Amino acid sequence: MPNLKELSKKKVRLTGGHRMCAGCGAPMVVNWILKALDDDVRAVISNATGCLEVSTCLYPYTSWKDSWIHTAFENAAATISGAEAAFKAMKRKGHIDGKYKFIAFGGDGGTYDIGLQSLSGAMERGHDMLYVCYDNGAYMNTGIQRSSATPYGADTTTSPAGKVKPGKEQFRKDLTEIMVAHHLPYVAQTVPVIPGTPYMFDLYNKAEKAFSIEGPKFMNVLTPCPRGWRIDTATELEVVKLAVETCFWPLYEVENGVYKINYIPKEKKPITEWLKAQGRFKHLLKPENEHIVQKIQEEVDRRWERLLYLAGVK
Amino acid sequence: MAKKVLMKGNEAIGEAAIHAGCQCFFGYPITPQTEIAAYMARRMPQVGRVFLQAESEVAAINMVYGAAGAGVRVMTSSSSPGISLKSEGISYIAGAELPCVIVNIVRGGPGLGGIQPAQSDYFQATKGGGHGDYRMVVYAPSSVQELVDLVQEAFDVADQYRNPVMIMGDGMLGQMMEPVEFKERQTTRNLPEKTWAANGLRGRKIHNVINSLYLKPEELEAHNKKLQQKYAEIEKNEVKYELYNLENEVDIVIVSYGTLARICKNAIKMLEKEGIKVGLIRPITLWPYPKKAFDEVMDKVKLGFISIEMNEGQMVEDVKLSVNGRKPVFFYGRSGGMVPTPAEIVNKIKEIVGGAK
């Protein structure tokens, strides 16, 4: 990868002036992914409905320097499939030249839930595209409703924590593994750029690798949402770090079916570290909810052990 | 008498449904109605009932199909683009003759449109929306109290006719807070027992079948004829409307519904001061359409009727069919989330009245 000085000179493809919340992780993720494109490459981007879409394209303004299209909530992958198919046809007939990359961005609601069908279809058909899910663990755009990516026990407006219910009562869907089951050339799970960590450029490196591979690719990026996670914007990357250090969100990639874990913590932190950093899990720290924390820890361990096994580490 | 509480329209919808005996609510987030789902997520478990968040609007409406088929009172809610996704399911529910309540807190369209108040789903709600020859009762409340009353009525009407019923409001109604009273009400309707429900044999020998598939054209036509008879019955019995300022002769009659009708009432008061007499027909059921209201007031109208809408004139056709050539029909509309002010309406009417003089 280029050094920091070179990176700073690369084109900024998602410019300022958009209306994302202060501290929102999504534009950071988008900009780092787009930085992995060479400056002479043009991006064609489709965007599922969500915070990122609605806040970056307040018509007649746009923050996007590349071709950008939005359709209904469930269709980012289908729309980019259509654009990519049209590009191929135009190229075959000699109507278009130059370097293009096809990218779709969607949040977890638009990807794990309502958009899963079109994502699966696009991946199976094998379009030359990269789908990026910025997973902040709930429908944040409509005011924090649970999604199938919401972690167990999280308090959301449609999984409210109260005297009887502990917040969301299901473990999160493992979308990265669902994508692996599509036998894609490249699937990766990562986090935003966190300075000072051994995995600081994990996101950039994975985007760069994804763009170098032909065919359907998928990246799942844990993205902080200060509003929904009930955290201070200044600490958000520390919180994401805890997701990695507790193995709640392992950094790994699967290239042609071969698993590789990109970071194995020397000492896995207990899940309470990740939970107690966020207001959405506040209720879980009460003594009467200890069994729930235990249950969450067991599930994190189970999934981590399974990943170690798949990667041949254990 | 129950005491009045100050409540947001969306939350009042949820509470009204609970009062009406709604056992299951299936939701999905979309602005400006997400508070209905959030309210139900909190309240339904408290009263031992079911709240489920679906993975899409398509899933939510088909959950409604399942629960309605089992014979329980069930509701779902969404806003315009989400109702488009639900339309397939609504058609199936109408075809299979299942009772349910669907709430549409309308936003401006087409496409993603906006999130501000609009009435641009009039065609979708009253002329089909989904495929096939079906009809659905559509209520258009204009205050939070009326919203509450109509949600309760909607469940009764749905059960009586085994038909989907829609409550159509807009973001203004959904988001605004007004005092409401949840009256202890006894239905005066003779609601049939749900002997058709697929909820176990219960001693019967023959299975109940819930179905909308008829491969033999003769059978499908017979099914359609039966549905049409039911719709004719609904048209005869269930029309609701309000007449305002129509006791005496007027220069012109506004036809307007929902929150916009309240704005029109203000305009009427302003015009009164300038010596222009204006009445209002406020359809409360958009289907069945209150055609008879027009017959009732026809002799009192000097100039004609004006349909005032928050869309580009979707209701004009129904107004024209009701007027049936007896008087001219005018139109004034704003769309895309623009809400007309009373002054705008006053100006438009003065233009027509002035021109006609």
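**View 1. The two domains of chain B.** Domain bounds come from an automatic or database domain assignment, and for chain B this assignment gives domain 1 (5-237) and domain 2 (242-356). This is a predicted model, in which local features need pLDDT of at least 70 and side-chain atom pairs count only at pLDDT 80 or more, whereas totals for chains, interfaces and linings use all residues. Residues are numbered from 1 along each chain as its sequence is written, chains are lettered from A in the order in which they are written, and side-chain values use heavy atoms, with hydrogens and water left out. The centres of the two domains of chain B, taken over C-alpha atoms, are 29 Å apart, and their contact (heavy atoms within 4.5 Å) takes 30 residues from domain 1 and 23 residues from domain 2.

**View 2. The area buried between the domains of chain B.** About 2400 Å² is buried between domain 1 and domain 2 of chain B, with carbon and sulfur atoms giving 56% of this area; buried area is the accessible area (1.4 Å probe) that two parts lose on being put together, summed over both. Of the area that domain 1 of chain B buries against domain 2, 30% is supplied by Gln119(B), Tyr122(B) and Ser142(B), more than by any other three residues.

**View 3. Salt bridges between the domains of chain B.** The rule finds 3 salt bridges across this interface, a salt bridge being a side-chain nitrogen of Lys or Arg within 4 Å of a carboxyl oxygen of Asp or Glu. The side chains of Lys127(B) and Asp318(B) meet in a salt bridge, at 2.7 Å from N to O.
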